[in-house]
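Visitor: Hi! Could you walk me through this one? I'm new to reading structures.
Guide: Happy to, let's take a look together.

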Protein chains: 2
Amino acid sequence: MKITAQEEYGLRCLLQLAQADRETGLSVKEIASKEGISPAYVEKLLRLMAKAGLIHSVRGVNGGYRLDRKPTELSLRDVVRALGSLPTTEEICDRHPGNRTSCVHIQECCIRSAWSTLTQAIDGFMGKVLISDLMGPEAKVTQTLQSRITTPFSV
Amino acid sequence: MKITAQEEYGLRCLLQLAQADRETGLSVKEIASKEGISPAYVEKLLRLMAKAGLIHSVRGVNGGYRLDRKPTELSLRDVVRALGSLPTTEEICDRHPGNRTSCVHIQECCIRSAWSTLTQAIDGFMGKVLISDLMGPEAKVTQTLQSRITTPFSV
DNA sequence: CCAATACATGACACTTTAGTCAAGTATTGA
DNA sequence: TCAATACTTGACTAAAGTGTCATGTATTGG
């Protein structure tokens, strides 16, 4: 259970766009220098999100990338999904067949139950966190997120 | 946000031990054949958990691995930790510095806030799931886990 | 004692993920 | 028009994560 590099850097790039002027957007270079990532990598990440319909590109002089929706209409789940994370329960099982063609527990599996409960909870949380919730000082964001998680995993 | 192979297979091996006779334990070969994984890999995973003090090995004829604690005294969090997953917020930041020596958002970071809230929730949930909760038919396990998550991420 | 069983260890090969590069196409403005 | 800007693409290199192997050590039973 780890945050992948794509999730981390992809979200950072998107947040830059969210904080920029919606009409003007930002160029790959600008995002790269603001985030301390290489332009080539930024390009790759933005393209993934463009493919998912979260942002779009404008070519030529004064071009760049722009957000397709308002930050209030874009959830953390949308972003993470665009970046190819958060596999479904079925995908988790398919990825771990051991040295068989399919997992020996395919019919009855208590672990599947655990991963399923967990990933659904994570998905639910991410769906409730909007990009707009992430814009602002860290302390305030933390407060907002805590409320989004309503009596979460803790009793 | 993905379940790693070590988490998946490691938990499966541990669960085999939990279901076996506490005195007799199981040999690496037995676990490997029950799970459809290679003995060499099972060995590697068990060693990680032995290092963490969850299980211990007995050498020689009739040797094998045995659980150190009762399944009711061992949580999913213990297992996942032993397998090297679930990084702390600090580790997440350290792992993603971009092309600088340290992340440009080191002082103020709204994303850190998101990952922190999320991983703490996951950690909390895993701490409440005992290995004994995972022993039994899938349907019943699911029911138990749902209750462990009390009004989780969903409203 | 010694042969068979079974864990112990570290180095290795393989696979996936992360990140870069080079050569290309579209758009603008002078 | 044409030169500068900036996105596009796919192939490539590097790093991390997976999984295997060979060699070694401890224990037991005959």
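Guide: One term to start: a polar contact is a pair of N or O atoms within 3.5 Å. Keep in mind that this is a predicted model.
Visitor: Okay! How far is the polar side-chain atom of B:Ser38 from a phosphate oxygen of DNA strand D?
Guide: The distance there is 2.2 Å.
Visitor: And which backbone atoms come up to the phosphates of DNA strand D?
Guide: A polar backbone atom of A:Gly64 is 3.3 Å from a phosphate oxygen, and a backbone N or O atom of B:Ala5 lies 3.2 Å from one.
Visitor: How many residues surround DNA strand D?
Guide: There are 27, and the closest include A:Arg47, A:Tyr65 and B:Tyr41.
Visitor: New topic: how much area do chain A and chain B bury between them?
Guide: About 5,700 Å², with 62% of it on carbon and sulfur atoms. Each chain puts 66 residues into the contact.
Visitor: How many salt bridges are there between the two chains?
Guide: Two. In one of them, A:Arg112 pairs with B:Glu138, at 2.8 Å from N to O.
Visitor: Which helix gives the most to chain A's side of that contact?
Guide: That's α6(A), with 14 residues. By class, chain A's side has 32 nonpolar, 21 polar and 13 charged residues.

Methods
Residues numbered from 1 in each chain as written. Chains lettered and ligands numbered in written order. Predicted model: local features only at pLDDT ≥ 70, side-chain atom pairs only at ≥ 80, totals over all residues. Heavy atoms only, no water. Contact = heavy atoms within 4.5 Å. Buried area = accessible area lost by both parts, 1.4 Å probe. Salt bridge = Lys/Arg side-chain N within 4 Å of Asp/Glu carboxyl O. Helix = DSSP H or I, 4+ residues; strand = E, 2+ residues; numbered from the N terminus. Nonpolar A, V, L, I, M, F, W, Y, C, P; charged D, E, K, R; others polar. Near = heavy atom within 4 Å. Polar contact = N/O pair within 3.5 Å; in protein donor to acceptor, adjacent residues only side chain to side chain.
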